[in-house]
Every structure is written in structure tokens, then in C-alpha cells.
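Hello,

Here is the structure I promised to pass on to you. Have a look at it first, and then read on for what turned up when I went through it.

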Amino acid sequence: MDKSKRPFLKSKRSFRRRLPPIQSGDQIDYRNMGLISRFISEQGKILSRRVNRLTLKQQRLITLAIKQARILSSLPFINNENPFERSESTARTIGRRTRKR
């Protein structure tokens, strides 16, 4: 049989199905900080649906819960554990000159 007429054959490689990130018993709520914190990056940003492997409805509910928790101050808007601080003696370069602040 010619290569161009051969039907497309899928590989028989097995794959492990990943567990869903949200179980059926988990309640998506602004008070459930253990669940919400899994969907926030280290910087405090909401992770995308593709990264989280959530359905569209779950991602919308997670986003609303995170925003409610931020407004009620149970979750920070940004993570300030290691803020970038500029020291007083940092040299700046402007054009060809260097000056100290």
C-alpha cells in the first residue's frame, strides 16, 4: 500500500489522566483559603485557566472568589514578602554621566 493512501494511525502510547484540581466536594468560596491559594501565583496574580486545568465555569467562580477575598482583606492584592528595595547608594547612569543619589 502506498504511504499516501495509508490511513492515519494513532500511537498506542498510554497516558496517565491527571486528577482535576477541584474535587466534586470542594466548595468554591472566598472563605476557602486553602483552595483559593492554589490558583494564585507567588506574585499574587490569578493563574490562567490553561495553567489551572479548570473548566470555564470553575475559573469564573475562582476569579470571583479571589476578588471577593481581596476586597474583604483576607487575601492581599500583591505579595510583598520580598519587596524590591533600592538602596540609597545605588548609582544611576544617565547618558554617559554617572551620578549618585
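The largest nonpolar core of this predicted model has 11 residues in all: Ile-22, Leu-35, Ile-36, Phe-39, Ile-40, Leu-54, Ile-62, Ala-65, Ile-66, Ala-69 and Leu-75. Helix α3 gives the most, with four. As general background, nonpolar side chains tend to be buried together in soluble globular proteins.

Beyond its neighbours within four places in sequence, Leu-75 is in contact with Met-33, Ile-36, Ile-40, Ile-66, Ala-69 and Arg-70.

That brings us to Arg-70, which sits in helix α3. Is Arg-70 buried or exposed? Arg-70 counts as buried, because its relative accessibility is 13% and the cut-off for buried is under 20%. Leaving out residues up to four places away in sequence, Arg-70 touches Gly-44, Lys-45 and Ile-46, and also Leu-75, Pro-76 and Phe-77.

Phe-77, one of those partners of Arg-70, belongs to the loop between α3 (56–71) and β1 (91–94). Phe-77 is exposed, at a relative accessible area of 53%. Together with Ile-71, Leu-72 and Ile-78, Phe-77 forms a nonpolar patch on the surface, and the four have about 460 Å² of accessible area together.

Now for the charges. How many salt bridges does a search of the whole structure find? The search finds one, and it pairs Arg-31 with Asp-29, their closest N and O atoms being 2.7 Å apart. In general, side chains of opposite charge can pair when their charged atoms come close. Asp-29 lies in the segment before α1. Apart from neighbours within four places in sequence, Asp-29 is in contact with Ile-36 and Ala-65, and both of these are among the residues of the core described above.

Most residues other than glycine have a negative phi. Arg-53, however, has a positive phi near 60°. Arg-53 is placed in the loop between α2 (49–52) and α3, and it counts as partly exposed at 41% relative accessibility. Ser-73 is the other case, with a positive phi of about 65° although it is not a glycine. Ser-73 lies in the loop between α3 and β1 and is exposed, with a relative accessible area of 64%.

Finally, the chain as a whole. Its secondary structure comes to three helices and two strands, and from the N terminus on the order is α-α-α-β-β. Of the 101 residues in the chain, 18% are buried. The accessible surface comes to about 9600 Å², and carbon and sulfur atoms account for 51% of that. Among contacts in the chain with a separation of 6 or more, 44% are between residues 24 or more positions apart.

Best wishes

Notes: Residues are numbered from 1 along each chain as its sequence is written. This is a predicted model: local features need pLDDT of at least 70, side-chain atom pairs count only at pLDDT 80 or more; totals for chains, interfaces and linings use all residues. Side-chain values use heavy atoms; hydrogens and water are left out. Patches are made of residues with over 30% relative accessible area and no salt bridge: like charges are joined within 9 Å, nonpolar side chains (Val, Leu, Ile, Met, Phe, Trp, Tyr) within 5 Å. Accessible areas come from the Shrake-Rupley method with a 1.4 Å probe; for residues, only the protein chains shown count as cover. A salt bridge is a side-chain nitrogen of Lys or Arg within 4 Å of a carboxyl oxygen of Asp or Glu. Buried means under 20% relative accessible area, exposed over 50%, partly exposed in between (1.4 Å probe, protein chains only). Contact means heavy atoms within 4.5 Å. A nonpolar core is a set of buried Ala, Val, Leu, Ile, Met, Phe, Trp, Tyr and Cys residues joined through side-chain atoms within 4.5 Å.
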